[in-house]
Amino acid sequence: MKKILVLEDESNIRSFVVINLRRSGFEPIEAASGEEALEKLKVNPDICLALLDVMLPDIDGFEVCRRIRASGSKMGIIMLTAKNQEIDKVTGLMTGADDYVTKPFSPAELTARVDALIRRLGVDEDEKSANEIVSGPFLLNTRNRTLEKDGQRLKLTQIEYLLIKLFMENPGKAMSREDILAAVWGSDFTGELKTVDVNIRRLRIKIESDPTEPEYLTTVWGYGYKWGY
Ligand code: CA
């Protein structure tokens with residue numbers, strides 16, 4: 001469960017936030033003062049996001065935010081600001097907060113902001129795996145459209161990239177030349193099926209150790225090709 005620090009000195013608002021975070025599947029860590037928040041952060045280094053009230057009895061929320069950032073932490077920070085405190089929004093974003101929510105807020109609004117920020121923060125890691133297809137010695141990155149074999153970058157044309165992407169996304173599936181042509185060149189392409197063979201041959205030269213005895217991009221006789229090894 002993702003831990004979220006809830007720094008809020010007003011206990012009724014704090015419990016309202018805590019209950020709603022818990023309901024959304026988070027693990028809230030409560031703090032009623034700035035110092036307490038910094039203590040809790042020290043004990044819970046896995047806190048991924050902090051909700052910081054601004055007006056506190058000791059050090060204010062901006063100072064807490066500043067100290068979190070000064071420690072090098074990249075955790076998500078949402079400031080809980082009072083209504084019409086435009087200056088708070090500016091100060092908050094300047095001190096390194098990612099977002100702010102104006103009080104009074106609804107549970108739905110708060111969890112939407114929390115979810116959105118967590119998505120934004122998690123984007124790097126999640127996108128990395130979502131954008132990578134691994135097959136044998138090959139690593140295809142669909143974000144920067146690159147292919148590596150045993151860690152070595154292979155230079156591909158756009159057509160070759162689209163071809164290998166099609167195959168790596170469909171491992172073991174026999175694909176007809178017609179299917180390949182439609183998927184890579186588009187269904188309104190009027191070229192010959194031979195185009196597929198020509199480009200497969202070129203691709204094999206780049207990816208296979210022995211293009212005459214393909215190991216990865218194999219031929220399905222009388223039909224087409226498949227990513228089968
Ligand atoms: Ca307060």
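The model is a predicted one, in which local features need pLDDT of at least 70 and side-chain atom pairs count only at pLDDT 80 or more, whereas totals for chains, interfaces and linings use all residues. Residues are numbered from 1 along each chain as its sequence is written, and side-chain values use heavy atoms, with hydrogens and water left out.

The axes of H6 (residues 158–169) and H7 (residues 177–185) come within 10 Å and cross at roughly 125°, where axes are lines fitted to C-alpha atoms, for helices over the stretch in contact, and angles run from 0 to 180 degrees between N-to-C directions. Helices (H or I, at least four residues) and strands (E, at least two) are DSSP runs, numbered from the N terminus. In the contact, defined by heavy atoms within 4.5 Å, Ile159, Leu162, Leu163, Leu166 and Phe167 of H6 meet Ile180, Ala183, Val184 and Trp185 of H7. The residues of this contact comprise nine nonpolar, no polar and no charged, with Ala, Val, Leu, Ile, Met, Phe, Trp, Tyr, Cys and Pro counted as nonpolar, Asp, Glu, Lys and Arg as charged, and the others, Gly among them, as polar.

H7 also packs against helix H8 (residues 194–207), at an angle of about 75° and with the axes 9 Å apart, and the two helices are therefore roughly perpendicular to each other. Here Arg177, Ile180, Leu181 and Trp185 in H7 meet Thr195, Val196, Asp197 and Asn199 in H8, and the residues of the contact divide into four nonpolar, two polar and two charged.

A calcium ion has as its protein donors Asp9 (OD), Asp53 (OD) and Met55 (O), which lie 2.2 to 2.4 Å from the ion; donors are N, O and S atoms within 2.8 Å of the metal (3.2 Å for Na, K and Ca), and sites may look incomplete because water is not among the atoms. Asp9 lies in the loop between strand S1 (3–7) and helix H1 (11–23) and Met55 in the loop between strand S3 (47–53) and helix H3 (61–70), so the pair ties together parts that are 46 residues apart in sequence. Asp9 is partly exposed at 29% relative accessibility, whereas Met55 is exposed at 57% (buried means under 20% relative accessible area, exposed over 50%, partly exposed in between, with a 1.4 Å probe and protein chains only).

Terms used. Parallel < 35°, antiparallel > 145°, perpendicular 65-115°, else oblique.
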